[in-house]
Amino acid sequence: MHLVLVGLSHHTAPLEVRERIGISRSMVPAALDRLAQEGCDDAVLLSTCNRTEVYAMAVDPTAMGERIVGCLTDYRGVSRDDIDGTLYVRRDADAARHLFRVAAGLDSLVVGEPEILGQVKDAYKAASEARGTGSVINRLFHGAFSIGKRVRSDTGLSEGAVSLSYASVTLARKIFGDLGKQHFVVFGAGEMARLSALHFHEHVASTTIATRRQDRGELLAAEVHGRVVAWDDRLEALAAADILISATGSPDVVVTEADMRRVLTTRRGRPMFVVDLAVPRDVASEVARLEEVFLYNIDDLRGIVQENLARRQDAVAKAERLVNDEVTAWYGWLRSRAAVPTVVALRTRFERVRQAELERLAPRLAGLGPDARARVDEITRLMVEKLLLTPTEQLKAIDDHETMDACSAALRRLFALDDEAAVNDADADTSAPPDGSAR
Amino acid sequence: MSLALLYAVACAAYVWHFASQKPLAGRVATGLLLVSVLVHTFELGMYTMELGVPPMAGRTGAISTFVWMLAVSYLSIEVSTDERGIGIFVTPLLVALQALVAHGEMPTDVPRYFATPFVAVHVGALLFAYASFALACVIGITYMLLFRELKRRTPGMFFQRLPSLQVLDRMNMRAVWIGWLLLTIGLVGGALWLRDVSAQMTNDPRLPHMTLADPKILMAVVTWIVYGVLLASRRWAGLTARRAAWLSAVGFAIVLLNFLPVAYFFARSHNFA
C-alpha cells in the first residue's frame, strides 16, 4: 500500500481557484463519502482557505490520484482544465514530508502560523468520525501532530508576528492578555481596514466600524459580525473601545491629541492600543505621549515584522531538520510494515519444514528421554530463528517500494511462499466443518 | 548556607528558562524552587518544634521566615497563573536575603512575650505582608520594564518573556491587597498585644517606646497608609496601572527601610532578640 497526497495550495493556485475547489467543514463528511464511493475509503480531507488536500492509502497510487482529482472536480463542479497546473501529487515519504511541513507551519503563507495545526487535527478528527481511518493514516497524522507540537515548543518558529495584522494582534495581546473582553474599533473600510478587522474580530468581544462610506462599512460589518457607526460618532465609539486600528484615506489627521485626551477622561485609566496604518497618518503623533495610549504606526509594525522574519530563519532550519527526522522514522515504520507479510510467510514455511523433519525423525528419536527431545526441539527452533534473522533485517531495511516489491517477489518465488499460502488455504478448507458453516 | 545555595540553584534554573524559553527549563526551575521551599519548611518546622513558636524573633529568624514566606507566595502565584517570567526577578532576592543570614545564629530561646497568640499573629502577619509587598514590588518593576518597551515601540527581551501588562497588573494588585490586609491584621494584633502586656509588665523599659513616635511603628503605619492610598486610588480614582506599579515599588522601599536600617539603628521599642 502507498500513501498518496493530491492537493493544491496558495503556492500553486490563485485565490479564485482555491475558493472554487475549497470544501467547507460541513461538507467534509459528504465529500469523504464521495471519495469512498470511488474506492478511496481511507482518506483525510484537509481544506482551509489556503489549501485543499486529500491524503489516502492506495495499492495503485497513480490511478488513485486520478480518481481523487475526478472526485474533487465533480463534487465542486469545477472543470479539470480550471485546476490543471495547480495540482500536486505526492507519494509515500514525499507525501508524509508535505503533511509534516504543513502541520509544523512551514508550508503556511505566514510561516509558523499557529492555526494550521488545529486545522490538521480537525481534518483528521472529521475523517475518523465520518468513516474511520486505517493504521497507516492514524500513525501518519499522529506523527504530524507530534511534529507540529515539537516545532512550536523546541524551535520558537511560532514566536513573533510576520504580518502587519498578526503583529497588531500580538501587540494587543501583550497589553491586554486575553482579548476576549476587549472592544475593537476600526476607522475606515478599505482593504487595510478590512484585513485588520478580519484578523481581530475572531479574538475580541465586539467590532465596530466607523467610516464615511456607509455602504462599504455595512459590507465589512456583515463579514465580521460587527456594527457600523456614522463617521461623526467615531470618538464616541473610540471611548468605548480598547483597540483602535485606523486606516482611512483621509489626507488629514482624524484623531488629534485633544480628541484623545477627551476620550481618555471617560476611561478611568484603562489603557488603549492604537494602530495607525494610514499614510498619511490618521492619528496625531503627540497622542503617543499620553500615558494610557500605546500608539504604533505602519513603520513601527513593519520593523517588528522584519525583525521577526529574520529571527525565524534559524528556527525554520531547525524545524526542517525535525521534520526530516520524523519522516525518516515514519517511513522506516511503513517499510518494515510492508515486509511483514513476506517475513511471516517465510517463518511459517521454515517452521513447517522444521516440524516435518522432526516428525520424520520421530522414530529415531524415540530412544531419547523427554528432556533430550525437548533439547532437540529447542536447538532446531533456534537454528531456524538465526537463519531467518539476517534476511528479515535486510528486508525491513530496504528503503524504496520497488526494491521491496522485487525482493519480496524473489523470496516468495525462491521459497515457494505463495504455494505455502495455497497449502495453508487448502488446509484451512479441509478443516472447515462439512456443512460449510462459518467458523 | 545550604539553603542559600539551594535557592541559588533554583535561581540559575530561572535564568536558564528566561534565556532559553524552554518549557523543560521552566519545569526544572519550578521543581528546584519547590525542593528549596520544602527543605526550608522542614528547617523552620524543626526550629518551631524546638522553640515552641516559629523562629521569628531576632534578625536571622525573621529574615529566614520572610524568605520562606516570599518563596511560598511566589510559588503560589506561579502555580495559579502558570507564568514563570518573573521568577528571574524574585529568586535573586531569595538568594541574597538567605545568604545575608546564612552565618547568623537562629534563636535558641524566645522571650516570654513571644509565647502569646497576639505576637504570633502580629509577627506572622507582618512578615507575610512584607513578603507580599516584596512580590508586588518585583511584579511592579517587571510591569514598568515591559511598559517601557511597549511605549517606546521596541518590543524586545521583556516583550518575549513576560506575561501581558494586564496579567502583571492583576498579579500586582492581588499581591498588594493580600499584603495590605495582612499588614492591617498584623498592626491590630500588635496593638492588642501591647494592651495585654502593658497591664502585666509595667516595668519593661521597651514598653514606653511603643507609640507612634517610635520610628519602626511609625514606618509601619506609613506603609499601611501608602498601600491603602494606592488601593483606594486604583479602585476609585482611576489611578493608572503604571503608577500603581511604581507606587508598589516605592511602598516596598519603605518596607525595606523599616525592616533593616530603622529596625537596627533607630527603633527603641522592638529589640527583643
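# Notebook: chains A and B, predicted model

**Entry 1, the antiparallel sheet.** I began with β2(A) and β3(A), which pair in the antiparallel sense over five bridges. Strands here are DSSP runs of E with at least two residues, helices are runs of H or I with at least four residues, and both are numbered from the N terminus. Two strands count as paired if DSSP finds at least two bridges between them. Across this pair, A:L45 stands opposite A:V54 in β3(A).

I noted how the model is to be read: it is predicted, local features need pLDDT of at least 70, side-chain atom pairs count only at pLDDT 80 or more, and totals for chains, interfaces and linings use all residues. Residues are numbered from 1 along each chain as its sequence is written, chains are lettered from A and ligands numbered from 1 in the order in which they are written, and side-chain values use heavy atoms, with hydrogens and water left out.

I then traced the whole sheet: it is open, has four strands in the order β2-β3-β1-β4 (chain A), and its pairing is antiparallel. β2 and β4 (88-91) of chain A are the edge strands, each pairing on one side only. From one strand to the next the twist averages 15 degrees.

Next I looked for helices against these strands. Helix α2 (residues 28-37) of chain A lies across β2 and β3 of chain A and runs at about 140 degrees to β2(A). Helix α5 (residues 92-104) of chain A packs on the sheet and touches β1 (2-9), β2, β3 and β4 of chain A, with its direction at about 110 degrees to that of β4(A). Contact means heavy atoms within 4.5 Å. Axes are lines fitted to C-alpha atoms, for helices over the stretch in contact, and angles run from 0 to 180 degrees between N-to-C directions.

I looked up A:C49, which the UniProt annotation "active site" (unreviewed entry) covers. UniProt positions are given in the numbering used here, feature names are shortened, and annotations may be inferred rather than shown by experiment. A:C49 lies in the loop between β2 (43-47) and β3 (51-58) of chain A. Is A:C49 buried or exposed? A:C49 is exposed, with a relative accessible area of 59%. The classes are buried under 20% relative accessible area, exposed over 50%, and partly exposed in between (1.4 Å probe, protein chains only).

I followed an open sheet of six strands with parallel pairing, in the order β7-β6-β5-β8-β9-β10 (chain A). At its edges stand β7 (227-230) and β10 (293-297) of chain A, each with a single partner strand, so one side of each has no neighbour in the sheet. The twist averages 20 degrees from one strand to the next. Inside the order, strand β5 (residues 183-187) and strand β8 (residues 243-246) of chain A run parallel and are joined by four bridges. A:F187 stands opposite A:S246 in β8(A). Helix α8 (residues 164-176) of chain A packs on the sheet, touching β8, β9 (272-276) and β10 of chain A, and its direction makes about 165 degrees with that of β9(A).

I found 17 helices and ten strands in chain A. Of its 439 residues, 48% are buried.

I counted a salt bridge where a side-chain nitrogen of Lys or Arg is within 4 Å of a carboxyl oxygen of Asp or Glu. A:R354 forms one with A:D377, the closest N and O atoms being 3.3 Å apart. A:R354 lies in helix α13 (residues 298-360) and A:D377 in helix α15 (residues 370-396) of chain A, so the pair ties together parts that are 23 residues apart in sequence. A:R354 is buried at 8% relative accessible area, while A:D377 is partly exposed at 31%. I also noted a network of salt bridges that links A:R51, A:E53, A:R101, A:D107 and A:E320.

The contact takes 26 residues from chain A and 22 residues from chain B. About 1900 Å² is buried between chain B and chain A, with carbon and sulfur atoms giving 50% of it. Buried area is the accessible area (1.4 Å probe) that two parts lose on being put together, summed over both. I found three salt bridges between chain B and chain A. B:R242 forms a salt bridge with A:E291, with the closest N and O atoms 3.3 Å apart.
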